[in-house]
Structures are given as C-alpha cells and as structure tokens.
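Colleague: Please walk me through this model. Keep it brisk, and define each term as we reach it.

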Amino acid sequence: MTSSCVHLHQLADLSAPRLSQPVHREECTQCFDNQDSAAGIDVCLSCFNGGCLDAERHHARTHAEKTGHTFALNIKRKLKPSNSKREENEQPPAKMAKLAIVEEREEDKYEHSTTFKCWKCDAGAGKELPELSAEAKVKELTREVMNSLSSARQSEVKAWEEEIAACEHTLMLEQAAVGPIEASGLAHCQKCDLKENLWLCLTCGSLGCGRQQYGGLGGNGHGLEHYQETRHPVSVKLGTITPEGSADVYCYICNDSKLDLNLAAHLHTFGINVSTQTKTEKSMTELQIEHNLKFDFSLTGEDGKALEPVFGPGLTGLANLGNSCYMASVTQVLFSLPVFRARYYPTAAHHWQTCPESLPAACLECQMHKLADGLVSGRYSKPRTAPSDNPLAHDSPAPVFQEGVKPASFKALIGKGHAEFATMRQQDAEEFLTHLLSEDEPTEIFKFGMEQRLQCGDCKRVRYRVDSQDSVSVSVPAKEVGKDSDGKVLYEDVALTESLGAVTADEALEYQCPSCTKKVIAVKRARFSTYPQVLVIHAKKFQLVNWVPTKLDIPVILPGSDELVLDNYLGQGLQAGESEFPEESAVSSEPTFNEVAMAQLGAMGFPDIRCKKALLATGNADPEAAMEWLFAHMEDPDIDDPLPLGGKAAASGPEPSAEQVGMLADMGFTPAQAKKALRETGGNAERAVEWLFSHPDDTGEESAPSSSASAEPKHPGGSAALPARYRLKAFVSHKGPSVHSGHYVAHIKTEKEGWVLFNDEKVVRADEESVKELKKLAYLYVFERV
C-alpha cells in the first residue's frame, strides 16, 4: 500500500511487547492525561512509553525528540452505550442456576480506536497514517499492544505474585489415594451444614468449613479442627477455583495463603477437573479489600446533609488502587506542604524536558513531578461525567465526586524491593511516611535532633548523644472509663502535651556504669536539640493482643487553637561542671553475663567459658535454653576456646527479640541501632544502652564504619532558634481494628476551603464538628512551624 511516509522501512525493526514489558497505553507516564481524553495517548512502538498530546505539556512530542523513536500508536477510549434496557420483544436472560463471579472485561464496557503515527514525518504533532491500519506489521503491533497487560495492571499482578508464593508444604504435598469424591461429598461441611466457605484438605479430601471471615462470612473452623487432628497442612477453598487453575490455597503450618504449583494435579486426585470449575466465591484478597472499604468515614455532616465536594488546585483525589488509602493519605498531606509543592510543581516542566531517564515510569523523580502536577494543578479536579469504572471506589451519598488520579507508577516505584510496600496489602501509614521520607530529597524539613542524656546515679558522670529524627512517637496511656451502649470500651481523654511530656521526662533504669564498673540506677532524659520546620507526631494507641498490635480509640486533646509551643523541651548539651563517662576503650569488651543463669549453669558442673558461650548464643537470659545449647554443642572442637574480643561472639548470636528492640526504640533509638547494640552486647539490654551512648554516630548498619572520636558529627537538621511554635496543618485518621487493616483518610487545612477531607478519590469540605471529633482520634498529626 502506498503511503506518504518515507520511514516505513523502519517498521521491520519493531517488535511486539514482551510478556513482562510494561505497556503504558492507559495514561501518560509524565502526567495524568489518559486514553479517555479527546486527543488520547500516543504509545511509542519502540519502548511502549505513553505520552500525552496536550499543547502545553506535549509529553509524546518530548519523548520522540529525546529518544528519536519514530512510530507511535494513538489510543482513544470511550464508553459504549448502555444496554441495560431490553427491547420490547427481547426475552429476559435465563435464570442463573449457580452464582458465578465474572470480572467485567474492559472491551465489554469501552470502545477503542487506534491510529498509526509517524513522529519523524511531523515532529510537532506526529503524522497520522490511517491508510496503514490494514498493513500486516501494523496490525500485528496494534493487536499485541491492545492485548498486553497495561502497566498499572502489570504492577498490580506482580504485587500479588510477590505476596503469595509456594512453600515446602505445597511443593512436597503427599496425598492419600482416596479416589474421586462424589458431588454430594462436596456440598457441605462434613461436621456441620455450612455450604459456603468450604475448604478441601488436599491430603485426604476431608471437607471442612473455614473460620469466620471478613464481611460476616460464616464459619465454624472445622477445616482448622481437621488440621489439628491430622496435621494435614494444605487446603483449598472450593468456590475460588478457576479454569486457569488458580484458587485460594492455605497452609496451616505456615499460617498463610500459599501457591500450589500443582493444584490441578492435586485436585484431579479427588476427581475434580479444574477446567470445568467456575469461581463462585470471593477470594480472601477480595474479601479483605471489601472489608477494609467498609471502614469508611462518614460523608455527611452533623445535620445529616451530604458534605460538599470541592474542586480546584490542591483539591484532587487519589483513586484507590486496592488497599492504597495509607499511601493516598500520606501523599496528600506531603503535597499540601509549601516546600513539597515548590520542589516538584513549578519545576515539573523543566525536569520532564531534561530528565536523562529514557523511561519516565522508571524514574521516581519523574513520578514525584507527575504527582505534584496532578494534585496541585487542579486540572484533574473536576466532577466525573460518568459512573466510576473503579471497582474500589467508595459508595457515595453525595451527588457527584471526581474520578481521582491513579498513582500506579509511583506506588510501584516507591514500593520496589520493599517487603511490605511492594504488596497490595493494607499498610501502616506512619511506616509508609518513614519509608517515603528516606527516599525523598525535600525531607530535610522534617529532620531535627533529639538529645539523649544519661547520668549515673552514683558518680554523676554523664553522656550526651544527638540522634537525627523525622518524627516523634508518643505513647498514649489507656485508661478505661466504661463502655458505650454497643459494648465498646471508652477511654479517658489524654492531652497531647501530657504524652510529649512523657517522652521528655526523666526515666530511671538499671545501667552498668563504665566509670563505677558496677550496676547502678541511671537517669535517662530526652530533649530536642533542634526543632524541625514540619513536626510529625505519631500517636501510639495500641495494646498487644496475641502479639498483634490492636488499635485503641483513645481521645487525644490538642492545645487551644491547635498550637504547640515546645520551648520548654529544648536541651542544653554538656553543662559546666559535668563530667563525661570514659571513652569506650576504657570499657571492658566482654559482655556482662546474667549472674543468676551463670550460677545455675555453674552448679550443674559446666565450666565458666562454656556457660558464657551458651548464654551468648541463647540471648543471655534463660539458663534452660543455655543448658540445651550446651548439650547440643558438647562435642564442638572450639567449645573451650577463649571468647573473641570486641563483642564478635555476641554478634554471631540469635536475632534480638522484638521486645528488647521495642524497649530500646521507645527510648528514642532506631530499630537498626537497637538490633546492632543488642548483637554487640550479647542481648544484654543494659549493656546495649551503654553501647548506644558510646557510638553516637553509628546508624546501626552492619557495613557502617566506626566513627572516630575526632570525627565531626553530622548536623541532625532543624534549628534551635526560639520560639518553637507550631500550628496544626493536617492529620491522618484511621478506622479499623489494626493499623494494617481498615481505612485511612487525611484532613488538611487549606487557605480557601478551610478543613478538607481527602478520602481516596473523594474530596469534600469537612464540617467543624467532625473535624473536632476525628482530630481526637488521629493517628498522625502534622504541624507547621509558625
């Protein structure tokens, strides 16, 4: 076919996207313009980057200029007309004999139009070449691009795949030869009459009901009971089996969802053919997301009227990507801060033009600029014109909300390589904030110094150290005052200043004084050495239930006008007349051993050197564990060798317990510092405190070199200037039993609209009464210095 394009010989060099290659066909990688816009999206046929055609931003043109890539496929999408009304003579659909959960496909809802383009024929807008649509190579590329997983969907699938993996029990599963199971044997639990939430034991074929699940799904735990009786480890949930061979598989030994790579074969043992199965029940993942969305925040005021949606610059919602509200809340707060906006919004166009990264979707800096443009510009903050196609959007009592931009590339990049944030599970908003601040440049506004002072009660010597922090965690004491009509426990109000005072109060602790060379009572005290520009306060309202942190709704009362004055919390450093502890070199390098345990082991006839090694290897606390270690290592050739100097033996011991790490973390040290100190001191908490004060510049990283005493300490950030006055800018609230489930939202105080509630894609003007009540139950408070 003849064409005016003189570059068609380059078509032969193009290849279809690989299975694992992201194809950015839904949205521009540098802004949130998408395939639903009038101009659509240009997908580069060399690297499959997606670029917009906006006259001002022209990201498709910029990409072509920077890369020299020639061809693109323009993609536009629009909703198909609704077919909900039947024609007069049309028969009603056949009655469903069995419930089936079928995912609505994109092609069922939308019409797509594609146009082949050459950017070298027209460097300004790309030349459309519709006459080539029937050309074999163009048809192949178009088909492969449209059939590929979109980049957002690929990231989501990858996150689920990373989360659920096979285990040794699914890989090494042994089955009893019981033969095919009759259909009647798969109808209900073998121990009760439940007909849903049924789990088939993959060892023997026993069918038992599961435990009660999210959303009130019934269960009497007979599947678990079967495992406890037989120790058969792996079960599959009937009703979640798909013809592709996927299903909910649970390993009771691992106590987690797992992947069964041979599920089809394992089911065939019982006469179940996966190719004939239909998914009839929601998976655990679907139930969890649905469960979390039910912990929503009211979108009505005290008068019962729907809260008013607001639109404009700085008022753009973030669509829920599946358990992503923790990320949305923190991100909205950060981009409400002037420093973040100034860093990423005015400079976006310059960065897009000069970024050396060939694929913007792989550049975190590009995605931060994209977020700033999306959230601050107001360009995408407008009422949706059609019902939302996001299945995770919340039900809305109000008339019209916005669609919200989808930060899929940002989520994929910021979570890349992280054990938790790379998954699709709900996460802790405070942990995500800490992670994000460790990755981003403008976070200096959060940094400040916390002065730690330790004084021996006998010799009165002191040691000072300054730790750089970017938030303050305060414990909120739980004092029950009764229960409400629903039986929910009510707690006494706690003033925020009271919790801050507890952080900076004197605390007595047992300590092995390096000067007195004996165990003494020392006094620890924390003070600010500098103050941050933006202060984040994390309100810890938890209690451990079966070692799981359960959130408590304890009201925290802020000072009047939501202002904090921290002048009285400023530390003064080493004072005249104070004497410091001797340097570490003067301190014995051998850990302090548990005296009671040493005495008990010695009474059993074990030599001192063996007792010490056993205690070092077992946490330096439990004589019974040490005795078991000794019996297991009696024949070790080096059992009687002297202990290595410098704490090396301690470092080879077991990981410190969560309780020990938590105790040191509550004293203001980071978990990495706490773990290293405990390793270096054989798990002795008192000795670990001394080690931490002796290594003020050690970050806790194993590869970090020891800082010499003469090294210039790094400035922790912030300023010591007074007054230190702060005003509340935003707070993040949470509903649900745990910070790892439920739902997060953010309230932000804006100049134009006052307090605004950001609830995923919904952005509404908050009423005063709800702000007053939710502020008491906030999880994170963000204050700006004034």
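Modeller: A definition to begin: two strands pair if DSSP finds at least two bridges between them. Strands (E, at least two residues) and helices (H or I, at least four) are DSSP runs, numbered from the N terminus. The model is predicted: local features need pLDDT of at least 70, side-chain atom pairs count only at pLDDT 80 or more, and totals for chains, interfaces and linings use all residues. Residues are numbered from 1 along each chain as its sequence is written, and side-chain values use heavy atoms, with hydrogens and water left out.

Colleague: Which residue in E18 is the bridge partner of Tyr 511?

Modeller: Strand E17 covers residues 507-513 and pairs with E18 in the antiparallel sense over 7 bridges. In E18, Tyr 511 has as its bridge partner Val 520.

Colleague: Which residue in the turn between E17 and E18 has a positive phi?

Modeller: Most residues other than glycine have a negative phi. E17 and E18 form a hairpin with 4 residues between them. The turn residue with a positive phi, about 50°, is Thr 517.

Colleague: What stands opposite Met 450 in E18?

Modeller: Strand E11 (residues 448-456) and strand E18 (residues 518-528) pair in the antiparallel sense, with 7 bridges. Cys 456 has Ala 522 of E18 as its bridge partner. Opposite Met 450 stands Phe 528.

Colleague: Which residue of E7 stands opposite Trp 199?

Modeller: Strand E6 (residues 198-201) runs antiparallel to E7 and is joined to it by 3 bridges. Opposite Trp 199 stands Gly 208.

Colleague: Are H16 and H18 parallel or oblique?

Modeller: Two packed helices are described by the angle between their axes and the distance between the axes. For H16 (residues 595-603) and H18 (residues 623-632), the axes come within 9 Å and cross at roughly 45°. Under 35 degrees counts as roughly parallel, over 145 as roughly antiparallel, 65 to 115 as roughly perpendicular and the rest as oblique. H16 and H18 are therefore oblique.

Colleague: Which residues of H18 does H16 meet?

Modeller: Contact means heavy atoms within 4.5 Å. H16 contributes Ala 597, Gln 600 and Leu 601. On H18 they meet Pro 623, Ala 626, Met 627 and Leu 630.

Colleague: How are H17 and H18 placed relative to each other?

Modeller: The axes of H17 (residues 608-617) and H18 come within 8 Å. They cross at roughly 115°. H17 and H18 are therefore roughly perpendicular.

Colleague: Which residues of H18 make the contact with H17?

Modeller: From H17 come Arg 610, Lys 613, Ala 614, Leu 615 and Ala 617. From H18 come Ala 626, Trp 629 and Leu 630.

Colleague: Which residue meets Glu 578 in a salt bridge?

Modeller: A salt bridge is a side-chain nitrogen of Lys or Arg within 4 Å of a carboxyl oxygen of Asp or Glu, and the count comes to 24. Glu 578 has its partner at 2.9 Å, N to O. Glu 578 sits in the loop between E23 (563-565) and H16 and its partner in E11, so the pair ties together parts that are 125 residues apart in sequence. That partner is Arg 453.

Colleague: What is the omega of the peptide bond from Leu 722 to Pro 723?

Modeller: Pro 723 is in the loop between H22 (685-694) and E24 (725-735). The bond is cis, with omega near 5°.

Key. Axes are lines fitted to C-alpha atoms, for helices over the stretch in contact, and angles run from 0 to 180 degrees between N-to-C directions.
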